[in-house]
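Good morning, and thank you for coming. Please look at the sequence and the model together while I speak.

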Amino acid sequence: MRVAVIGAGAGGLAAGYALAKRGHGVTVYEKSEESLGGLAGSQTLAGAVVDKFYHHIFTSDAEIISLIDEVGLSDKLVWKNAKNGIYSGGRAHPFTTPADLMRFTELSLPGRLRTGLTVLRAKSVRDYSRLENVSARDWLIRNAGRESYAKLWRPLLDSKFGDDADGVGGVWIWNKFKLRGSTRRGLGAESLGYLRGGFGALYGRLADIILARGGRFLFSEVTSVGAANGGGVSVTAGGERAEYEKVLFTASPSELCRIARLSPEYAERARALKYKANVCVTLVTKRRLSDYYWLTVAQPGAPFVVFIEHSNLFPDPSFGGRGYIFLSRYLDPGDALFRAADGEIADAFLNYLGVIFPDFTPGDADAYRVLRAEYAQPVVGLRHSARILPFETTLNGLYIASMSQIYPEDRGQNYALISGRAAADAVCSGI
Ligand SMILES: Cc1cc2nc3c(=O)[nH]c(=O)nc-3n(C[C@H](O)[C@H](O)[C@H](O)COP(=O)(O)OP(=O)(O)OC[C@H]3O[C@@H](n4cnc5c(N)ncnc54)[C@H](O)[C@@H]3O)c2cc1C
């Protein structure tokens, strides 16, 4: 069968790999060679290869761990205990273990105890269906109390979802508590995994296997998808039109609506699946700024909401002793900051870094790169299960596997790989 996969992110490459292994003729379309691996692809900055957007995996991410092994990269997989923190009330507080929560004096003692119990209670919930009808906000206020919500959870929800924070479903936060607990040994720190040299190595390896099995890659943006005359699906990219028996699209549903002719009802449903965008500055510094891996910035007015000192947890000889740091902000694609010039974004982020770390001056920066992702995080609202699109679309032979279809888990490479493999099964069913 001739199949086209649109998008060479984790989902598209997992699907292409599964289809190529079954002997199908796979063509993968990707906007540009630089985009191989999608959001989880790598970049080269100041002589070192790092992820474009910061990535780690959890010990419970069984699919990606087994795929890394299957393609012969397990010698590159490293596991480390992370030191995390929260920047709040003008200072950084360690926030790695339950003991750190008990020492988090921004919250009253009853607030800390209720927060700890809420996290524990969430982990024992097996049936999440009841949480579908309650917002994360209401569920947190009911369980952890208003103080904990205002000082801890609201800034965290705001940092990811902004104006959409109040509409985020209880399932989303429940799943976060469950996931983070599953990667922790007892009361200790979280164990996080990284592929030395960046996760791009995994996606490069999948691409090589697809090629070795007779597949091909066309680095060109697909501008149109439609029904082909003799059955099947047509794909147009770079002015060239080709026909396939089946086509799998792996980017956002609203992008699909932009390029494919779908029924108005389907398009309305697909466009309602909102995503947040992300702006991420990768910064190379002459020296270490902290001993944290991850610092959530829960401070009103901060231009970025996450500080990740990647080189603290996953140092590499190619870093040459310099700090590799990510500064990240989720926002609406219509936000002026998303469209601002790179220099303007870097100035705002680096100036604020000097607020968090008063020793830091912009002169400590050796290099930086600003990256934007328009579709970075689906907004998972109430009763999301009823809004999820099936793999099959209303155009015969056209399928979709996107981040918005991952549920009750949140997006992540592990789930993109599972979804890509399952979509490949759907594409093959009935042939
Ligand atoms: C800031 C940030 C941090 C993250 N941190 C982690 C983490 O720590 N751990 C983790 O596991 N996950 C993390 N993730 C999530 C992870 O990156 C995603 O879940 C995963 O990479 C999604 O893969 P995907 O294939 O579904 O989508 P994408 O990676 O978005 O791939 C879609 C691909 O389709 C291409 N495309 C779109 N339209 C077209 C078109 N018309 N023609 C051709 N090509 C097209 C795009 O260029 C892209 O390459 C993070 C994401 C972000 C944004």
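I shall speak about strands, aromatic rings, salt bridges and a surface patch, in that order.

This is a predicted model, in which local features need pLDDT of at least 70 and side-chain atom pairs count only at pLDDT 80 or more, while totals for chains, interfaces and linings use all residues. Residues are numbered from 1 along each chain as its sequence is written, and side-chain values use heavy atoms, with hydrogens and water left out.

Let us begin with the strands. Helices (H or I, at least four residues) and strands (E, at least two) are DSSP runs, numbered from the N terminus. Two strands are said to pair if DSSP finds at least two bridges between them. Strand 3, residues 42-45, and strand 4, residues 48-51, pair in the antiparallel sense over four bridges. Within this pairing, S42 stands opposite D51 in strand 4. The hairpin of strand 3 and strand 4 has two residues between the strands, and A46 takes a positive phi near 50 degrees there.

Next, please find the open sheet of three strands, which has the order 5-9-6 with antiparallel pairing. Which strands stand at the edges? They are strand 5 (57-58) and strand 6 (77-81); each has a single partner strand, so one side of each is left without a neighbour in the sheet. Strand 5 pairs with strand 9, residues 191-195, in the antiparallel sense over two bridges. There, F58 stands opposite L192 in strand 9. As a general point, side chains in a regular strand alternate between the two faces of the sheet.

I turn now to the aromatic rings. A pair of aromatic rings is described by the distance of the centres and the angle of the planes. Rings of Phe, Tyr and Trp (its six-membered ring) pair if their centres lie within 6.5 Å; planes under 30 degrees apart count as stacked, over 60 as edge-to-face and the rest as tilted. By this rule the count comes to 19 aromatic pairs. One of them is formed by Y194 and F199, which are edge-to-face, with 5.5 Å from centre to centre and 90 degrees between the planes. Are these two residues buried or exposed? Buried means under 20% relative accessible area, exposed over 50%, and partly exposed in between (1.4 Å probe, protein chains only). Y194 is buried, with a relative accessible area of 4%, and F199 is buried, with a value of 0%.

A further pair is F304 with F349: the ring centres are 5.5 Å apart and the planes stand at 55 degrees, so the pair is tilted. F304 lies in the loop between strand 16 (294-297) and strand 17 (306-309), and F349 lies in helix 13 (residues 342-356), so the pair ties together parts that are 45 residues apart in sequence. F304 is buried at 0% relative accessibility, and F349 is also buried, at 0%.

Y194 and F199 also belong to one aromatic cluster, together with Y54, Y293, W294, F314 and F326.

The next topic is salt bridges. A salt bridge is a side-chain nitrogen of Lys or Arg within 4 Å of a carboxyl oxygen of Asp or Glu. By this rule the count comes to 21 salt bridges. One of them joins D332 and K274, at 3.5 Å from N to O. This pair links distant parts of the chain, 58 residues apart: D332 is in the loop between strand 18 (323-331) and helix 12 (336-339), and K274 is in the loop between helix 10 (264-271) and strand 15 (275-285). D332 is partly exposed, with a relative accessible area of 22%, and K274 is partly exposed at 35%.

D332 also forms a salt bridge with K276, the closest N and O atoms being 2.9 Å apart. K276 lies in strand 15, so this pair with D332 ties together parts that are 56 residues apart in sequence. K276 counts as buried, at 2% relative accessibility. Salt bridges that share partners join D164, K274, K276 and D332 into one network.

Finally, consider the surface. M102, L109 and L113 form a nonpolar patch there, with about 250 Å² of accessible area together. Patches are made of residues with over 30% relative accessible area and no salt bridge; like charges are joined within 9 Å, and nonpolar side chains (Val, Leu, Ile, Met, Phe, Trp, Tyr) within 5 Å. Accessible areas come from the Shrake-Rupley method with a 1.4 Å probe, and for residues only the protein chains shown count as cover. L109 is found in helix 4, residues 109-124, and is partly exposed, with a relative accessible area of 46%.

Thank you for your attention.
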